[in-house]
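User: Could you walk me through this complex, one question at a time? I would like the cut-offs spelled out as we go.

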Amino acid sequence: MEKYIAKRLLHLAGILIAISFLTFLLMYLAPGDAAVKKLNAQGIAVSQEVLDKTRADMGLDRPFLVQYGDWAWKALRGDLGSSYKDSTSVAGKLGKAMGHTALLALGSLALSLLVSLPLAMLTAVKRDSVPDYILRFFSFVANSLPNFLISVLLMYFLCVKARLLPVVADKNFKGLLLPALALSIPMTGRFLRQFRAEILEQLGKSYVGGARSRGVKERYILVRNVLHNASISILTVVGLSVGTLFGGSVVVETIFRWPGLGKLAMDAITNRDYPVIQGFVLFAAVVYVLVNLLTDVAYHWIDPRVRQE
Amino acid sequence: MKEAILEISGLSAGYGGAPSVADVSFTLARGEILCVVGESGCGKSTLLKAVLGMEPGLRILAGTVTLDGTELTSLPEKERRKACAARIGMVFQDPGGAFNPIRSYRKQFIETLRSRGLYDPAAFEDRTAEALGKLGLTEPRRVLASCPYEMSGGMKARVALALTLLLGQELLLADEPTSALDATVQLQVAKELRRLREAEGLSQIIVTHNLALAEFLGDRIAVLYGGRLVELGPARALAAAPAHPYTRSLMAAIPSLDGRMPAPLPGQPPLGGPAAAGCGFADRCPLAGDGCQEAPYALREVSQGHFSACCAEGGAV
Amino acid sequence: MNVRHDKRSRNRTRLLIFLGLAGLLTLLSIFAPLLAPNDPNATNALHMNEAPSRAFPFGTDRYGRCICSRVLMGARTSIFSAVALVAATFVFGSVLGMLAGWFGGAADALVMRLADVLLAFPQMVLAIAVAGILGGGLFNAMLAMGVTGWTLYARLARAQVLALKEEAYVSAARLTGQGVLSILLKTLLPNMLGPLVVNASTQIGTMMIGIAGLSFLGIGVTEPQAEWGSMISGARAYLQLAPWAVLAPAGATILTVMVFNYLGDCVRDVLDVEGSR
């Protein structure tokens, strides 16, 4: 078991290094001079003197790998540089926004799971019945709706027309509702389709028939056996959703003005605040990798037959 | 005459309207082991499933199944399930397949017992140890803590049988319980089955294509061909002197170590289930006479307790 | 046997229907300039944020431009960019994957590690970052979505090549001295197309949504080019005043994405049922 963990950690380290390299490369390859961008972002007039000084300060004349190494080493210790716009710590900005996005992400994830899991079980058990067709249609539609579209439509129907909720979100639970709903609807659609398929597959396995012939209660079969065996697939889907949540948060938080990482990133893009963009991408990738690592480890706990490469 | 635990009378069953088995009748006495033999596709698995009545898509087209006085075929689905689950245990070809491969036996045993209202936490350990012990499994704690995927085929078969005992089921239906096992393990499991009958009085219907097993294990043997029972009789007598031409050809098809070569029959067994009229074997039968194509199906007593469906001259020994 | 046959013919009918619908939408977009009632870029100070009328079937936006015309032109952008992007990633990814699978060794490791790293990033996050940094525009948005898009086909193609490489007919082809390219294209590719095409067809909707999302955020298609995402974004501020400016492109987006998504499902159903994989 130790060998397995060691292998995984090594692999993880490799991926993290590669991620950081790619992220840094991304910024490095961005068109335009970094010093110019920084000065522009701060609204400082660019003169040759100021430019040269800024370039020297930023260490832009050093070879690429040195710059990368310097950045990566600092990043490892939590220093992600400072914002072009106001020179505050990027890590600090991320830290402040992190909590809000976490709340949003967990809220929408919880909402999606609470709705999709029971419905998936229902539609799998009552396959090809009327509720099954209706739900499959809705989940198909929900899955086809882009995040920004749902957000705008929700805003229109609930805020503008029905005047149920304010247009600008409060930073509390009431304000969380709309953005969470916007993120949750397409996710629920996707979850419903995929969970249903997995549960159907499990229901076709021989142990289900075996349990029935032994007289095991249907609800024991469904919850204790089918769900248990299906949870690997369920976990995979949830793990991958973390990625879409990050992406979706950019749109949703911007629309509803929820002060999370997504809004931070979008503002940074608008302001050409590259260090912040960089920090966001790095953070999102690292979290994504860690979450998927966790789900990988969890597989083994659910199904001991699973061996990782 | 020993008391009957299962009576099957004129049973026809099939998927989607056309019968896979037809006109099957026999009685299983309490504590008796009946081995049903036949080639692949003869309908022996369908027969078992029809008795249990839990196979989706399989319908009883005619006849009755009576379990210990209760006519199963007339009951609504839920009642039937309850009655069956209480008294009948089923073991499949892959004995581990009936269990969730990645959950411990302990959890699955408990949930089965709970579902049947038989779970007593205080007595569970002892009773399970006893049942497992009867099947030759001496480390009950280890067995219960294991998951099916970790166990060998033979052990999985034993655990499945142990649960049958725990559930107090009196009739065991087994569909090729040994076919997936190694030869030596096959014998062990067969011996366990016999022991269960001696010690616990477990009545059994064992479906198998292995004639040697049937002869070793069964009190009686039933031969199925093309969805119909063509011969039924005491195991030893039937094996020594088969009355139906098909059974004779089955016996002759076994190569033996003394150099006797198998003599296969021409043609193929019918694919479409029991023939509507006449003998389904007539087209391949060396004894087929003029009346065989139209003669209605009927089991005729050839000697004490030994029946054959053959109606041709020289068919009866 | 009969049940299976029915299912297959039903699947095929559905595929034809949705192929037809998608084709119809594509035709609409091709003939958009002819079908548009007005010039999509013509601003009109007198008719800003007007409700739908005879002259302007879907009303006008904040600059007085005809929404109907813009929606039609937007169809062009959305459909063609998505299809082109899928085609490009399909070709690029499949070729890389086939080469990686066939030659193995360092080339294989390189391609696969690259794919792994790219996939370690959430797709949209990377796309947003790339598009944002490159500064927007349709081409950059497509590039941004394509950066991770090819990996799907590469992995699939590689897996297929690895599996089929050992087949007898491939060895036969090698023995007869057929060139690598010829083997890859004529012998292997036809047998691999199924899953690849299935994936491609399901990706069209995803790419469409992605590009629209990027345009919505302002880092995709830029004004004055008509694109549904950017139209929705631009009209958002006037939501109360002129809801049709949002609803029309929104409806068009939903409709088109649903048609292409369902088409993808149909393709999968037909190819999966017929294939014996």
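User: In which loop of chain B does D68(B) sit?

Analyst: In this predicted model, residues are numbered from 1 along each chain as written, chains are lettered from A and ligands numbered from 1 in the order written. D68(B) has a positive phi of about 50° although it is not a glycine. Its place is the loop between β4 (58-67) and β5 (70-71) of chain B.

User: Is D68(B) buried, partly exposed or exposed?

Analyst: A residue is buried if 20 or more other C-beta atoms, placed from the backbone, lie within 10 Å of its own, exposed if 12 or fewer, and partly exposed in between. D68(B) has 16 C-beta neighbours inside 10 Å, so it counts as partly exposed.

User: And D23(B): buried or exposed?

Analyst: D23(B) also is not a glycine, and has a positive phi of about 55°. It lies in strand β2 (residues 18-29) of chain B; strands (E, at least two residues) and helices (H or I, at least four) are DSSP runs, numbered from the N terminus. Because D23(B) has 20 C-beta neighbours inside 10 Å, it counts as buried.

User: Which strands are at the edges of the open sheet in chain B?

Analyst: The open sheet has 8 strands in the order β6-β7-β8-β3-β9-β10-β12-β11 (chain B), with mixed pairing. Two strands pair if DSSP finds at least two bridges between them. Each edge strand pairs on one side only, and the two are β6 (88-91) and β11 (300-303) of chain B.

User: Which residue of β9(B) stands opposite V37(B)?

Analyst: Strands of a sheet pair through backbone hydrogen bonds, either parallel or antiparallel. Here, β3 (residues 33-37) and β9 (residues 220-225) of chain B pair in the parallel sense over 4 bridges. The residue opposite V37(B) is V223(B).

User: Which residues does L173(B) touch?

Analyst: L173(B) is among the residues with the most contacts inside the largest nonpolar core, which has 236 residues. Such a core is a set of buried Ala, Val, Leu, Ile, Met, Phe, Trp, Tyr and Cys residues joined through C-beta atoms within 7 Å. Two residues are in contact if their C-beta atoms, placed from the backbone, lie within 7 Å. Not counting residues up to four places away in sequence, L173(B) touches L48(B), V51(B), L52(B), I88(B), M90(B) and I205(B).

User: Which helix gives the most to the side of chain B that touches chain A?

Analyst: The contact takes 18 residues from chain B and 17 residues from chain A. With 3 residues, the helix that gives the most to the chain B side is α3 (residues 105-115) of chain B.

User: What is the secondary structure of chain C?

Analyst: Buried residues make up 47% of the 277 residues in chain C. The C-alpha atoms of chain C fill a box of roughly 75 × 50 × 30 Å, taken along the principal axes. The secondary structure of chain C comes to 10 helices and 0 strands.

User: Which element of chain C has the lowest mean pLDDT?

Analyst: Chain C averages a pLDDT of 86, and 97% of the residues score at least 70. Among its elements, helix α3 (residues 67-103) of chain C has the highest mean, 91. The lowest, 80, belongs to helix α7 (residues 168-175) of chain C.

Technical notes:
This is a predicted model: local features need pLDDT of at least 70, side-chain atom pairs count only at pLDDT 80 or more; totals for chains, interfaces and linings use all residues. pLDDT is the predictor's confidence in each residue, from 0 to 100.
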